[in-house]
Amino acid sequence: MREEGMTPGPPEHGPSPTIWPLGFAVGIAVALVGLIVDPMVIASIGAVIAIVFGFLWARDATSEMRRAAPTVTAEVREATPAEAAAMPEAKPAPEKMQRSRFLEGATLGLGGIIGGLVTLPVAGFALLPSFLGQKGHKVDMGPVDAYPIGKWFISTFTVDPSEGEVSRRTAFVRNNGAVGNNVPSFTIISNRCAHLGCPVQANGPTGAILGEKNVTEHTVNGAILLRPVVPAGFGCPCHGGQYDTEGNRTAGPPVRALDRYSFEIDNGHLVLLSTFSVSHVVGVGAQAKIYKYKLSGPGQHVDGPEQWFYPLEPPHH
Ligand code: FES
């Protein structure tokens, strides 16, 4: 409490609040999100925001240091002759920066540099590998003749033989025959469950029970095993998800239909291309209308309002 009669002192020193740190944090957040969504555009926008607000923040924090010292007129009174005789001649004081302000600016600057040095490499090493070097693969599944029209096969194959068994996949393949202007039609359904990704099984008798032999085709992708099957649908052993023969969900927790492979015919061979997600399929075989979406992870909705809960995901094939 100030005592009666005391002269008010200067206002207490303290940093004034600004929005620059908030803008800087938003810029960093946008840059990190941009690394996932769009490294070229969104990440660049985030970096620009962070740089602009970081610059404004640093400029604000160091403004006191750069501001010209205010001119203050000293309070004077006439000295008595005795005081004048006793006083030494005044010398001009050297200009110097206030220590507290220097320390404040140095702390902020060093903190920012150290924070950047620590955060950016960690974020880069943690996030970037998921988004870089992702490439699509073609899988030669053998001659079209190996797939009689109307028959289903459980086919297993390696997507990238150089990666070995870790890239082994299974798909359910049916040749629907040619449609329109002699365009071949195949239904090629991924066995990755649309709930949590467990391997879906064909609900029906396979090779030995049917009295049909498994077939192995040797292609540039290694051995392609084709097991004949007559499925009534597909079922997941993990949580009981069920699908019909077009991959539509019919029961259980899956949130959409099974993913599918796009394909091409190259030199008489069936070649698998990328996978895509499907919300649902109307119709059957070559006449089916497939509601197609970019490939999404298991459990992710691809349509309806729920899709907005899954805005970010790394690219995958
Ligand atoms: S993973 Fe298939 S139903 Fe859960």
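This is a predicted model: local features need pLDDT of at least 70, side-chain atom pairs count only at pLDDT 80 or more; totals for chains, interfaces and linings use all residues.

Residues are numbered from 1 along each chain as its sequence is written, and side-chain values use heavy atoms, with hydrogens and water left out.

Let me start with the helices, which, like the strands, are DSSP runs numbered from the N terminus (H or I, at least four residues, for helices; E, at least two, for strands). Helix 1, residues 20–37, packs against helix 2, residues 42–61, at an angle of about 160 degrees, and their axes are 7 Å apart; the axes are lines fitted to C-alpha atoms over the stretch in contact, with angles running from 0 to 180 degrees between N-to-C directions. The two helices are therefore roughly antiparallel to each other, a term used for angles over 145 degrees. The contact, meaning heavy atoms within 4.5 Å, includes Gly 23, Gly 27 and Gly 34 of helix 1 and Gly 46 and Gly 54 of helix 2. By class, this contact has 15 nonpolar, five polar and one charged residues, where Ala, Val, Leu, Ile, Met, Phe, Trp, Tyr, Cys and Pro count as nonpolar, Asp, Glu, Lys and Arg as charged, and the others, Gly among them, as polar.

Turning to the strands, two of them pair if DSSP finds at least two bridges between them. Strand 7, residues 222–229, pairs in the antiparallel sense with strand 2, residues 152–158, over five bridges, and Trp 152 stands opposite Val 229 there. Strand 7 is also joined by five bridges to strand 6, residues 215–219, again antiparallel, and a hairpin of two residues links strand 6 to strand 7.

Elsewhere, four strands form an open antiparallel sheet in the order 5-8-9-10. Strand 5 (201–202) and strand 10 (249–251) each have a single partner strand, so one side of each is left without a neighbour in the sheet.

Finally, is Phe 276 buried or exposed? Phe 276, which lies in strand 12, residues 269–282, is buried (under 20% relative accessible area, with a 1.4 Å probe and protein chains only), at a relative accessible area of 10%. Leaving aside neighbours within four places in sequence, its contacts include Tyr 261, Ser 262, Ile 290 and Leu 295.

Note on methods: Angles under 35 degrees count as roughly parallel, over 145 as roughly antiparallel, 65 to 115 as roughly perpendicular and the rest as oblique. Buried means under 20% relative accessible area, exposed over 50%, partly exposed in between (1.4 Å probe, protein chains only).
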